[in-house]
Structures are given as structure tokens and as C-alpha cells.
Amino acid sequence: QSLLMMASPKESSLEKNRSSINSAIDVKEHYLIDVEKLIPYHKQARRYFDESETSGLSKSIKEYGIRQPLTVVRSFIEEESKFEVVSGERRLIAAKLVGLQKVPCIILPNHDLAEEIALSENIQRQDLHPIEVGEAFLKILEGREGLTQVALSEKLGISNKIISDYIQYTKLPHEVKNVLVEKNINQRDFLRKLLKSDYPMDLILPKKLENTQ
């Protein structure tokens with residue numbers, strides 16, 4: 001039975017699927033959840049989604065269904081009936097585009113695990129900007145009492161130096177970071193050059209011509 005059929009509006013709003021799937025977490029049962037109950041993860045690192053990629057994904061979902069369940073956690077920001085999408089927000093957007101009313105989801109047991117999974121996936125994704133990854137590191141370090149950078153590196157299996165490098169990028173001025181992310185300027189050597197500059201914006205935007213009289 002295809003996932004498109006499984007996502008029929010005739011099903012209940014939260015319905016267990018008895019088949020099990022392999023995931024990075026463990027072998028978990030997944031559930032069909034109404035798309036209206038799904039909201040973005042409040043600590044999501046990604047700021048922008050490529051419209052062309054989402055459009056292409058929607059065509060694939062329309063033809064083949066959602067082959068990889070979304071990973072979600074119960075929301076404590078909104079009412080309890082909502083779930084935050086830790087992994088798979090682009091799949092959710094694409095599913096809405098083709099009119100799916102329910103999508104398969106794995107429900108995580110707690111928010112600490114959600115943070116670690118989101119951060120681990122962010123690091124592995126090549127299309128995520130280094131500044132976005134750095135901000136994700138900061139959020140988990142600042143949001144979890146007693147968690148040190150060394151402990152985080154051991155937990156994720158990533159060197160402490162790599163974490164430090166990513167965090168350094170977040171120290172650039174806010175307006176500079178916005179331009180870098182929006183224009184996808186992500187070369188590490190160039191980012192390090194910006195960190196050393198007293199006027200980093202001058203290095204990424206053409207200088208404005210000064211009016212002379």
C-alpha cells in the first residue's frame with residue numbers, strides 16, 4: 001500500500017502504522033499525522049528553502065508517496081495537539097503542495113533527543129550554510145544547562161575544533177550574516193577572512209559611490 005493511499009483523509013487524525021522502519025534513532029513505529037497539526041521545529045537551523053527543489057520534491061511525492069517519514073516531537077510552544085517537525089520540513093511543504101492531508105511521522109520521546117538529531121542532521125547536510133550550523137550549535141549549548149562544548153562534541157562524534165569554527169562564523173555582524181546566507185556565500189576561507197576584517201560588509205557588497213560636489 002502506497003503512502004499516498006495511507007494518507008487518505010478517511011483515516012483518523014493520529015493513526016499508528018504497524019509496520020516498522022529503520023531510522024537514525026532506532027527501529028520505530030510511525031504514525032499518520034494531519035499536516036495541520038505539524039509546525040516547524042522552533043530550533044530549526046535552516047532559514048530558506050529552495051522553491052525549485054521543493055517543487056521537484058512535490059512531483060516525486062505525488063507519484064511515489066513519502067518514502068521517508070518525518071521526525072517530529074510534541075510541541076510545548078503551542079497547544080499539545082501540535083507536533084514540531086525536527087526532520088523533514090521540506091517534505092511537509094511538498095506534501096502540502098500536492099494536497100496530502102496526512103504524512104507518516106516518527107514521534108521522538110523528548111526535546112533533548114530532538115535537538116541532538118536536528119543538529120546532527122544539520123551538520124551532515126551540505127546545503128546548509130555554515131552560519132546556520134554555527135547558530136544551531138549555539139542554541140543547543142545555551143539552551144541546555146551544564147552542557148559543555150567538549151561534551152557536545154563527544155556526544156555528536158565531532159571534533160571540538162570543528163564546533164569552534166562554526167560558532168566563530170556566528171560572531172559576524174547580523175547584516176553580514178544575512179547577506180551571506182541569502183546569497184549562499186559559504187566558502188570557509190572567505191568566511192575566516194571576513195572574521196579578520198574590520199569592515200566585512202565591504203568585502204561582500206560593492207562599495208557605494210560617494211557623492212562628490
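**Exercise 1.** Which residues of helix 7 (residues 160–169) are buried?

*Solution.* Let's start with the ground rules. This is a predicted model, where local features need pLDDT of at least 70, side-chain atom pairs count only at pLDDT 80 or more, and totals for chains, interfaces and linings use all residues. Residues are numbered from 1 along each chain as its sequence is written, and side-chain values use heavy atoms, leaving out hydrogens and water.

Step 1: helices (H or I, at least four residues) and strands (E, at least two) are DSSP runs, numbered from the N terminus. Buried means under 20% relative accessible area, exposed over 50%, and partly exposed in between (1.4 Å probe, protein chains only).

Step 2: in helix 7, Ile163, Tyr166, Ile167 and Tyr169 are buried.

Step 3: down the helix axis, these buried residues fall within an arc of 155° (taken from the directions from the axis to the C-beta atoms), so they line one face of helix 7.

Step 4: the buried residues pack against helix 5 (130–143), helix 6, helix 8 (174–182) and helix 9 (188–196).

**Exercise 2.** Find Ser153 and list what it touches.

*Solution.* Step 1: Ser153 sits in helix 6 (residues 149–156). Step 2: with a relative accessible area of 7%, Ser153 is buried. Step 3: leaving aside residues up to four places away in sequence, Ser153 touches Ile158, Ser159, Asn160 and Ile163, where contact means heavy atoms within 4.5 Å.

**Exercise 3.** Explain why strand 6 (residues 102–107) is largely enclosed by the rest of the structure.

*Solution.* Step 1: five of the six residues of strand 6 are buried, so the rest of the structure largely encloses this strand. Step 2: strand 4 (residues 70–74) pairs with strand 6 in the parallel sense over three bridges; pairing requires at least two DSSP bridges between the strands. Step 3: Leu70 has Cys105 of strand 6 as its bridge partner.
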